[in-house]
Amino acid sequence: MGMKTKIALGAVVGIAVIGAMSANSGDGDGDGGGKNDGRTSASAGEKSGDGAKADGGKADGGKADGASDAKPAEDKAVEKASQAEQFKAFVQKNGSPNEKNAVSHVTKVQGADEQNDILDAADVYTDFTGGIMGEGTGPAKLIASAFADWKDSENGLVTIYDAEGELLGNGQF
């Protein structure tokens with residue numbers, strides 16, 4: 001097989017793989033029913049907005065009784081926070097005492113905001129030392145469990161690392 005043939009075959013295989021992955025990403029809500037794309041949701045939102053105007057609501061989406069649909073200031077602060085801060089805030093609100101203690105050692109979270117349900121991988125870095133034989137192995141399982149409560153994925157893997165970048169543990173989310 002010549003060099004040009006190998007290159008052409010590689011390009012065809014690459015295009016086929018990319019096409020298959022793009023066909024599987026985001027084509028519905030996974031219930032097996034009809035297709036549900038973003039246009040349907042947007043048009044439904046537009047229709048509900050028109051209904052609010054007909055009911056005497058404000059054109060900007062506000063409610064007729066003066067209440068606002070805007071998020072509270074604390075939610076906006078959480079959106080701007082780093083992934084580690086968001087994770088810690090979630091665990092402080094919803095976690096067990098042991099999870100709260102374990103998550104207090106988290107220094108950095110990567111990959112939690114980029115999910116496609118095909119292969120989601122997140123990394124959580126801690127200030128524990130000693131690697132897999134050190135003190136952080138037990139808390140790493142608690143951190144992975146708390147992460148699974150925070151994020152949900154069809155096929156997610158969270159990996160917990162110590163301060164030196166050595167593996168402490170992992171879990172599915």
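**Helix 6 and its surroundings**

Modeller: This is a predicted model. Helix 6 covers residues 137–150, 14 residues in total. From first C-alpha to last, helix 6 reaches 20 Å, close to the 20 Å expected at 1.5 Å a residue.

Colleague: Which residues of helix 6 are buried?

Modeller: Pro 139, Ala 140, Ile 143, Ala 144, Ala 146, Phe 147 and Trp 150. Buried means under 20% relative accessible area.

Colleague: What covers the buried residues of helix 6?

Modeller: The cover includes helix 4 (83–94) and helix 5 (97–103). It also includes strand 1 (106–110), strand 2 (120–126), strand 3 (156–161) and strand 4 (167–172).

Colleague: Why is Leu 167 called partly exposed?

Modeller: Its relative accessible area is 39%. Leu 167 belongs to strand 4.

Colleague: Which residues make the nonpolar surface patch with Leu 167?

Modeller: Ile 132 and Met 133. With Leu 167 they make a patch of about 340 Å².

Colleague: Why does Glu 154 count as exposed?

Modeller: Its relative accessibility is 69%. Exposed means over 50%, so Glu 154 counts as exposed. Glu 154 is in the loop between helix 6 and strand 3.

Colleague: How many residues separate Glu 154 and Ile 118 in sequence?

Modeller: They are 36 residues apart in sequence. In space, C-alpha to C-alpha, Glu 154 and Ile 118 are 7.1 Å apart.

Conventions:
Residues are numbered from 1 along each chain as its sequence is written. This is a predicted model: local features need pLDDT of at least 70, side-chain atom pairs count only at pLDDT 80 or more; totals for chains, interfaces and linings use all residues. Side-chain values use heavy atoms; hydrogens and water are left out. Helices (H or I, at least four residues) and strands (E, at least two) are DSSP runs, numbered from the N terminus. The expected span of a helix is 1.5 Å times one less than its number of residues. Buried means under 20% relative accessible area, exposed over 50%, partly exposed in between (1.4 Å probe, protein chains only). Contact means heavy atoms within 4.5 Å. Patches are made of residues with over 30% relative accessible area and no salt bridge: like charges are joined within 9 Å, nonpolar side chains (Val, Leu, Ile, Met, Phe, Trp, Tyr) within 5 Å. Accessible areas come from the Shrake-Rupley method with a 1.4 Å probe; for residues, only the protein chains shown count as cover. A salt bridge is a side-chain nitrogen of Lys or Arg within 4 Å of a carboxyl oxygen of Asp or Glu.
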